[in-house]
Amino acid sequence: MSKTKTKPVLEVRNLSTCFKTDQGVVTAIDDVSFDLYPGETLGIVGESGCGKTVTSKSIMRLLPEHLSFQKPESRVMYGGLNLAAATEAEMRTVRGDKIAMIFQEPMTSLNPVFKIGAQLEEALSYHTDLDRKARRQRAIDMLRQVEMPEPERRVDEYPHQLSGGMRQRVMIAMALCCEPEVLIADEPTTALDVTIQAQILDLMEGLKNKFNTAIMLITHDLGVVAQICDRVMVMYAGRVIEVASVRDLFHNPQHPYTQALLRSIPKSGGRQKGERLPTIKGIVPSLFNLPPGCRFQDRCEYREERCVRDEPLLEQHGNRSYRCHLPLGGAQ
Amino acid sequence: MSSSTDILQVKDLEMHFPVRGGILNRVQSKVHALNGVSFSLKKGEVLGVVGESGCGKSTLGKCLIRLHSPTAGSILFEGEELTGLSHGELMPYRKRIQMIFQDPYSSLNPRMTVRQALREVALFHQVPTPFGMNAYIEELVQRVGLRVDAVDKFPHEFSGGQRQRIGIARALACNPDVLVADEPVSALDVSIQAQVLNLLMDLKDEFGLTLVFVSHDLKVIEHFCDRVLVMYLGNVVEELSCDDLHKNAAHPYTKALLGANPINDPDDRRPLIVLQGDVPSPFVLPPGCAFAGRCPVAEAKCHTDRPRLERKSVDHPVSCWLVD
Ligand SMILES: Nc1ncnc2c1ncn2[C@@H]1O[C@H](COP(=O)(O)OP(=O)(O)OP(=O)(O)O)[C@@H](O)[C@H]1O
Ligand SMILES: Nc1ncnc2c1ncn2[C@@H]1O[C@H](COP(=O)(O)OP(=O)(O)OP(=O)(O)O)[C@@H](O)[C@H]1O
Ligand SMILES: [Mg+2]
Ligand SMILES: [Mg+2]
């Protein structure tokens with residue numbers, strides 16, 4: 001792909017984030033490294049709890065500092081600035097304006113006591129020099145773009161008066177209004193029906209085409225990944241375990257976890273009544289008690305002795321990488 | 001359609017939210033969240049609910065568990081009318097009809113560990129725990145695919161999907177007969193999703209659990225549900241069996257949903273089908289069909305006259321002028 005020759009807009013290196021909990025310190029994401037290129041959509045998938053949200057919030061430095069810390073070797077390079085070591089003042093110039101984020105649970109980031117119009121207008125006041133009246137108009141326009149019915153009325157409503165999907169769209173409008181260089185979208189369309197989802201994905205594509213925005217798309221919907229991502233990064237228990245182009249990943253997964261994940265997709269049509277869905281047997285290891293070898297070993301049908309002993313490294317093979325002693329191989 | 005074996009019969013359910021404003025904070029208009037929804041459910045049946053964001057799915061669920069008092073209509077649970085009951089009179093039903101909420105974050109108490117939250121539910125509803133409370137709680141947590149050590153954590157220590165599963169465990173904690181599940185698996189990866197669906201399927205087979213299952217994922221609906229209600233702007237526009245969803249779908253909105261469902265194959269990329277036209281307002285209902293503004297096949301009549309939900313064939317009501 002020619003894209004890989006251009007310079008990445010975001011370079012994440014050895015990013016590790018730890019939480020201080022009552023039971024001790026846990027490393028929620030461990031040595032995460034990847035590049036994000038301008039104009040590409042990088043999908044991030046993986047089992048619930050594997051560290052997707054923590055990765056994005058670490059990049060944005062949005063995790064509470066009294067409860068969490070990044071290991072010193074962590075680096076997040078954006079335009080010559082290491083976000084992992086940047087000051088809060090530097091971060092404020094980046095957040096929202098250059099790198100925007102759509103959060104997984106809208107209620108955690110919308111303020112329940114302010115009308116949604118006021119919240120959008122506040123974002124606009126940071127990132128544009130529109131006057132009051134223009135900001136309100138812009139807020140209404142943004143709501144219309146995300147298919148909010150009756151945006152003129154909705155600007156004056158509070159978050160609790162909106163449906164789940166409407167709240168999600170307010171978040172999306174907020175992230176898009178600043179035309180960011182990098183958009184981190186954490187499950188942006190889970191609460192939306194597929195017709196509105198198509199509209200939102202179309203808006204994101206538009207952003208990409210117009211401003212060459214790089215998009216990190218976190219989603220559990222592998223259909224969405226197949227349809228709109230260029231590359232995909234798979235995570236498992238805090239580790240990156242595979243990165244490949246979307247076609248290589250779907251047609252020729254190398255890591256057994258990736259393969260198992262793809263096999264769990266419910267098939268459309270050909271339904272057998274009451275048939276049980278395939279799952280990945282077993283359970284992720286506890287972050288407090290990680291095995292010495294591969295983190296997927298307990299659940300892997302191909303496990304050998306060295307998988308139990310040594311954790312494989314994330315190694316580059318051509319234009320893809322994976323972390324496995326016994327990659328599945330097959331036609332490349 | 002309704003018969004004596006129905007565990008739940010909903011008829012002409014309406015829910016309108018007043019919108020206040022101005023300096024006197026008077027009611028200025030209302031949101032028509034539900035405009036006459038009817039359906040019935042047999043014991044052990046799984047009814048899917050799909051529909052546009054904002055069409056009233058969560059409101060329907062909250063009316064069924066009587067978190068909202070519907071503006072009009074009736075909800076019969078085993079023949080007993082629930083709509084007029086007082087708080088006290090509702091008590092015996094609360095335990096039997098439970099809901100998994102769409103937004104787990106705002107429905108969990110941030111200051112309670114999982115153990116405390118589940119214990120509270122079990123005690124409140126006096127659930128028998130023959131092997132002790134702790135064993136009961138640990139069993140529940142494991143059934144939703146979490147590790148036992150999750151029980152002593154607080155909600156903020158979990159990922160989005162882990163929190164969702166705590167919401168599921170809480171709804172199951174009092175062994176309900178009817179479970180309203182509002183997007184229960186949308187925050188979960190496909191493998192955990194399959195695990196939760198298998199669990200619900202087991203509960204259905206073992207205990208005859210009846211489910212109202214709200215989801216945007218038609219693949220999941222198709223796999224898991226017996227029938228599906230398709231809603232648009234507070235109305236049911238089609239109700240059909242899931243056995244042959246693709247073949248039998250008749251309403252243009254149902255067809256649009258099926259057509260926009262992303263396919264799991266990067267070699268089969270399709271242009272995003274974006275419906276043209278404005279989303280209708282729930283404040284002032286349009287005179288004709290609510291979907292007409294975005295419908296690819298709408299005719300003049302669709303914009304002026306509202307179609308009724310009519311039986312097109314056995315057990316297949318559709319509300320559309322152009323379907324016969
Ligand atoms: N504040 C916290 N304190 C302790 N542990 C935490 C905290 N926040 C997250 N974690 C843990 O970090 C891990 C990664 O969480 P994260 O939210 O990144 O998962 P995720 O991949 O986004 O999952 P999902 O798909 O369910 O949203 C989880 O195991 C979670 O329990
Ligand atoms: N407490 C409330 N006060 C005022 N309006 C409300 C309230 N709750 C819901 N509404 C309105 O009722 C309508 C239906 O909302 P509901 O949450 O039921 O939609 P939904 O079908 O669940 O959508 P989604 O798929 O986005 O979750 C929306 O127009 C919403 O704004
Ligand atoms: Mg997450
Ligand atoms: Mg809802």
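Predicted model: local features only at pLDDT ≥ 70, side-chain atom pairs only at ≥ 80, totals over all residues.

Trainee: Where does ligand 2 lie?
Mentor: Ligand 2 lies between chains A and B. The space it takes is the second largest pocket.

Trainee: Which residues come nearest to ligand 2?
Mentor: There are 23 residues around ligand 2, and A:Gln161, A:Ser163, A:Gly165, B:Gly54 and B:Thr59 come nearest.

Trainee: What polar side-chain atoms lie by an oxygen atom of ligand 2?
Mentor: B:Thr59 has one 2.5 Å from a ligand 2 oxygen. B:Gln102 has one at 2.9 Å from an oxygen of ligand 2. The protein buries 92% of the 630 Å² that ligand 2 exposes when taken alone.

Trainee: And how many residues of that shell are charged?
Mentor: The ligand 2 shell has 3 charged residues, with 12 polar and 8 nonpolar.

Trainee: Switching to ligand 1. Why is the site shared between chains?
Mentor: Because residues from both chains A and B surround ligand 1.

Trainee: How much of ligand 1 does the protein cover?
Mentor: On its own, ligand 1 has 650 Å² of accessible area, and the protein covers 93% of that. Strand S1 (10–21) and helix H1 (52–60) of chain A, plus helix H6 (160–172) of chain B, each give two or more residues to the shell around ligand 1.

Note on methods. Residues numbered from 1 in each chain as written. Chains lettered and ligands numbered in written order. Heavy atoms only, no water. Near = heavy atom within 4 Å. Polar contact = N/O pair within 3.5 Å; in protein donor to acceptor, adjacent residues only side chain to side chain. Areas by Shrake-Rupley, 256 points an atom, 1.4 Å probe, with all protein chains shown as cover. 1 Å grid on protein atoms, 1.4 Å probe; cavity = no way out; pocket = protein on both sides within 12 Å on 5 of 7 lines; lining within 4 Å. Sits in = over half its atoms within 2 Å of the grid points. Nonpolar A, V, L, I, M, F, W, Y, C, P; charged D, E, K, R; others polar. Helix = DSSP H or I, 4+ residues; strand = E, 2+ residues; numbered from the N terminus.
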